Amino acid sequence: MKTLVLSTAALALTAGLALAGSHSVVRMGTEGAYPPYNFINDAGEVDGFERELGDELCARAELTCEWVTNEWDSIIPNLVSGNYDTIIAGMSITAERDEVIDFTQNYTQPDPSAYLVAAGNEGLDVKGAVIAAQTGTIQAAFVSEMGATLVEFATPDETVAAVRSGEADAVLADAAYLGPIAGENADVALLDQSELIGGGVGIGVRESDGELKAKFDAAIQSMKDDGSINALIAKWEVGEQF
């Protein structure tokens, strides 16, 4: 683990030096598969809460945004190696991730994680269940630590499909993601039980990019101060307001 952290730190330093002093154009890395935070719309463009937020943050920081999509399971390594300059992808701030990259202040509060089950299975005891979660998420780590049987999938859609097929008893994911699925489909439902995990969602940057982090921190704070970030949180229904 130490070797991995040192190697990724070295890559981050190299990428940061290459980009130092030249952040007029910022490549915003996102997954594009986790509505309402981020998704690809019918026009083939990145859309959602984080697209609207990211564009406003870049405007306030006097930066131009270019949006890049990347699969979740390689989103941190590809930031470190310089494929893009930020991660803005519903990524919760955790101590483990903070060993490899840096984070801005949070732009959402910790979002409760919910359990989605097949309709009729609302009495499920999750401690003895098979729980699906997306690979590399705080929910996957939580399930592993709670002692339930964890099955991991590369995409959020695959976790829901696992419940529908019977491969898993439940999915654990952000309530903002699972709520609309339960509300629009009669074959699945949410448990009353929820979990509060993580320290909120922030923008991930390379540890060498302190100047870029400071610009985004200031922009996020200005949106908190004038209430505009709360308006976006309410519009996209991504949790509690500040």
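The model is predicted, so local features are taken from residues with pLDDT of at least 70 and side-chain atom pairs from pLDDT 80 or more, while totals for chains, interfaces and linings use all residues. Residues are numbered from 1 along each chain as its sequence is written, and side-chain values use heavy atoms, with hydrogens and water left out.

Let's start with the empty space. Rolling a probe the size of a water molecule over the atoms shows where empty space is left. The search uses a 1 Å grid over the protein atoms alone: a cavity is a set of points where a 1.4 Å probe fits but cannot get out, and a pocket is an open set with protein on both sides within 12 Å along at least five of seven lines. Lining residues have an atom within 4 Å of a point. Grid points are joined across faces, edges and corners, and a volume is the space filled by probe spheres set on the points.

The structure holds two cavities of 30 Å³ or more. The largest cavity has a volume of about 180 Å³ and a lining of 19 residues, with Y34, Q134, T137, Q139 and D174 nearest its centre. Helix 5 (138–146), helix 6 (156–165) and strand 11 (170–174) are the elements that each give two or more residues to this lining; here helices (H or I, at least four residues) and strands (E, at least two) are DSSP runs, numbered from the N terminus. Strand 11 gives the most, with four residues. Sorted by class, the lining of the largest cavity has 10 nonpolar, six polar and three charged residues. In this sorting, Ala, Val, Leu, Ile, Met, Phe, Trp, Tyr, Cys and Pro count as nonpolar, Asp, Glu, Lys and Arg as charged, and the others, Gly among them, as polar.

The second largest cavity has a volume of about 50 Å³. Among the residues that line it are Y37, G90, P110 and D174, and its lining has four nonpolar, four polar and two charged residues. There are pockets too: the second largest pocket holds about 150 Å³ of space. Its lining consists of P35, P36, A176, Y177, P180, I181 and E184, which divide into six nonpolar, no polar and one charged.

Now look again at helix 6. Its buried residues (under 20% relative accessible area; exposed means over 50%, partly exposed in between, with a 1.4 Å probe and protein chains only) are P156, T159, V160, A162 and V163. These residues lie on the same side of helix 6 because they cover an arc of only 150° around the axis, an arc of the directions from the helix axis to the C-beta atoms. An α-helix has 3.6 residues a turn, so residues three or four places apart point the same way. On the face turned away from the buried side, helix 6 carries the exposed residues D157 and S165. The partners against which the buried residues pack include strand 8 (113–118), strand 9 (130–134), strand 10 and helix 7 (175–184).

Strand 10 (residues 149–153) contains T149, which is partly exposed, with a relative accessible area of 45%. Beyond its neighbours within four places in sequence, T149 is in contact (heavy atoms within 4.5 Å) with A129, V130, I131 and V143.

Next come the aromatic rings. Rings of Phe, Tyr and Trp (its six-membered ring) pair if their centres lie within 6.5 Å; planes under 30 degrees apart count as stacked, over 60 as edge-to-face and the rest as tilted. There are five aromatic pairs in the structure. One of them is the edge-to-face pair of Y37 and F49, at 6.2 Å centre to centre and 85° between the planes. Both Y37 and F49 are buried. Ring pairs link Y34, Y37, F49, Y107 and Y177 into a cluster.

Finally, follow the backbone. Most residues other than glycine have a negative phi, and most peptide bonds are trans. P35 and P36 are joined by a cis peptide bond, with omega about 5°; P36 lies in the loop between strand 2 and strand 3. E62 is not a glycine, but has a positive phi of about 60°. E62 is also exposed, at a relative accessible area of 72%. E237, in the segment after helix 9 (228–236), has a positive phi near 55° and counts as exposed at 63% relative accessibility.
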